[in-house]
Amino acid sequence: MAFPPDILDRIRAHFPLSAFIGRFVPLKRAGREHTGLCPFHGEKTPSFTVNDQKQFFHCFGCAAHGDVIEFVKRYERLSYPEAVEKLAREAGIALPAFTHEAQAQFAQRKSLLEAMEAACRYFETQLKRQDSMHARDYVQSRGLAPETLARFRMGYAGEAREGLKTQLLKEGFSEAQLVEAGLLIRPESGPTYDRFRTRIIIPIRDGGGRVIAFGGRLMDGAFARHAPKYLNSPETPLFKKGEVLFNLDLAANAARSAGTIAVVEGYMDAIMMAQYGFESVVATLGTAVTEPHLRALWRHVPEPILCLDGDSAGRRAMMRAAELALPLLTPGYGLKFAQLPPGEDPDSLVRTRGAQALRQVLDGAAGLSDTLWRVCSAESAASAEGKAALEYRLMGMAARVKDATVQKHVRAFFRAQLWPQKGKTATPARSASHQAMGAPPRLGGLQVVRQLLKLVLLQPALLHRPEVEEYMTRLECVNVPLSSLREALLIAAHEPALEDYLKLYEHLQNLGFSHVISSLLKDEAILVPREVMESPEGAFRAWCAALAGHQRAALEEEKREIEQRLKQDPGNEEEYSKLLALQEQIRHATKGLFMALHEESDEAY
Ligand code: UTP
Ligand code: MN
């Protein structure tokens, strides 16, 4: 649905972005931007920025990005037209009549939602009726608490062929609407009739909590009719089975504190888990996990947990999900797999063995690479040929990861598993230079961070060195603009299109970094030796020297403290031997670092 661009501009202009977003998210001014905790994914350090000038927000943690309309759309989980409508109303801006087609579509959606809501209320009432005793007995036998029934708005469709139909026609809905909504079936000949009959009804809600479809379960003893155990609404303008996750609206809220979302296979499983306190849980609707599912999950949490059966069907489902996820992975966003005990689903597990047992299953979830390694290596023969096939298979999987940073780490992980004795070269984290570099600075680190960042900014190719990249990744960045810039540089380093530094600067400026970049470049307290600009090797030497210089400074500081203490207590032998050790460390700090790096470079390049 296209709104006239000038209307959209007027809406954007009406709401100063930081003031608007500030109503929902506490923001702090940082230079020309505002920063805060991202409302779209759980985080503890702010990576959400708002730029009033450019009229957009951007999250460096989850890549949420957009204008005021996008913000409302996401935050209130509205459709785009609904968000525009809402803002226009608040701003007193009249929306022109939509195109005929768009208007019809909008109206249709609205009336279908109303029909679904009315049907939901009807089914809820049916479950409470005097003569629905057997339905209530059934839900009780499944251990569903009354609060759970109410919370999930569970209901019942009785035996009448036209029960819902009669009621909803009375409420003013048309037969055609009800057919369109999937509530009535229109046979080749004869009158329309209720799709859901003699079933326990489970409403399926969209991300905004509106009922968009139903699932209906036959009660035990009703199977004789050769009907499927579960019947779902058909695909309608409201309901795309492969995109919807059952319970996502409640799960997304709970995920803000839980930090993750569990994905299970059945709605009964999700409902029962919620009853036992695992509220951030969603269920797929009789399909395997799809790409839209993953994208929806990653909007809320970095690593959703897929809960699958421990049997061979579960293993196949796991491999399918992994194959699907590999190309979609980005730094920080992954997938975990939890394995249920054989023969149990989450519903039966919590009910027979309690929340603790389920907790254990979820806590035992393993990451994607781990799981792929475990499954593939278990399936491969121990012979040389078997190992070769395994390597081929794993490296093929790693190659499917599109994101360069993630791909590198996945490959390094597989390599380390395949050749554990070569762990030293396979995992850069334990390399010689790494040890020599030590842990990234914490205290008084601002100047170090600024200097290292400035060098990388002047010579971005530095980030192609694994040791530099690794160190920069772990650097504690002290403040948000610097850590955001660091993130942006780490990502940009792997974009071939940004190799030209002019393009890179333009890119960073578009992301809103002009201010922090110019403050770094203009900072004359940060010395930049000429060799930085001359070659990547020169830049690397300068980068190492800067690091060594700071480490020396830290050691000298420690040495001064010990000297102070020795002045008070000259006979303290422990302090004295510490002093000797420190002096030795200082002597070797620079030299050792260079040697280690040199050695490493020879090996790697
Ligand atoms: P299961 O057969 O594993 O059922 O189907 P379940 O979730 O354990 O349900 P209970 O415990 O027997 O009540 C898993 C999911 O597959 C879809 C449903 O979405 C169900 O939740 N399904 C299953 C269907 O759509 N139709 C069916 O006939 C069966
Ligand atoms: Mn079950």
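Start with helix α11, residues 267–275, and helix α14, residues 346–363: their axes come within 10 Å and cross at roughly 70°. This is a predicted model, in which local features need pLDDT of at least 70, side-chain atom pairs count only at pLDDT 80 or more, and totals for chains, interfaces and linings use all residues. Residues are numbered from 1 along each chain as its sequence is written, chains are lettered from A and ligands numbered from 1 in the order in which they are written, and side-chain values use heavy atoms, with hydrogens and water left out.

A few terms before going on. Helices (H or I, at least four residues) and strands (E, at least two) are DSSP runs, numbered from the N terminus. Axes are lines fitted to C-alpha atoms, for helices over the stretch in contact, and angles run from 0 to 180 degrees between N-to-C directions. Angles under 35 degrees count as roughly parallel, over 145 as roughly antiparallel, 65 to 115 as roughly perpendicular, and the rest as oblique.

On that scale, α11 and α14 are therefore roughly perpendicular to each other. Which residues make the contact, meaning heavy atoms within 4.5 Å? From α11 they are M268, D269, M272 and M273, and from α14 they are P346, D347, V350, R351, L358 and L362. Seven of the contact residues are nonpolar, none is polar and three are charged. Here Ala, Val, Leu, Ile, Met, Phe, Trp, Tyr, Cys and Pro count as nonpolar, Asp, Glu, Lys and Arg as charged, and the others, Gly among them, as polar.

The term means a side-chain nitrogen of Lys or Arg within 4 Å of a carboxyl oxygen of Asp or Glu. R351 and D347 are four residues apart in α14, about one turn of the helix. The structure holds 29 salt bridges.

The axes of α22 (residues 480–492) and α23 (residues 501–510) come within 11 Å and cross at roughly 135°. Those two helices are therefore oblique to each other, and α22 passes α23 in a right-handed crossing. L485, A488, L489 and A492 of α22 meet L504, H507 and L508 of α23. That contact has six nonpolar residues, one polar and no charged ones.

Now the sheets. Two strands pair if DSSP finds at least two bridges between them. Strands β6, β9, β10 and β11 form an open sheet in that order, with antiparallel pairing. At its edges are β6 (155–157) and β11 (230–232), each pairing on one side only. Three bridges join β6 to β9, residues 199–205, and Y156 stands opposite I200 in β9. Helix α6, residues 133–141, lies across β6, β9 and β10 (211–218), at about 65° to β9.

The other sheet is also open and antiparallel, with five strands in the order β1-β2-β3-β4-β5. β1 (27–30) and β5 (65–66) each have a single partner strand, so one side of each is left without a neighbour in the sheet. Four bridges join β1 to β2, residues 33–36, and K28 has T35 in β2 as its bridge partner.

How values were computed:
Contact means heavy atoms within 4.5 Å. A crossing is left-handed if the near helix is turned anticlockwise from the far one by less than a right angle, and right-handed if clockwise.
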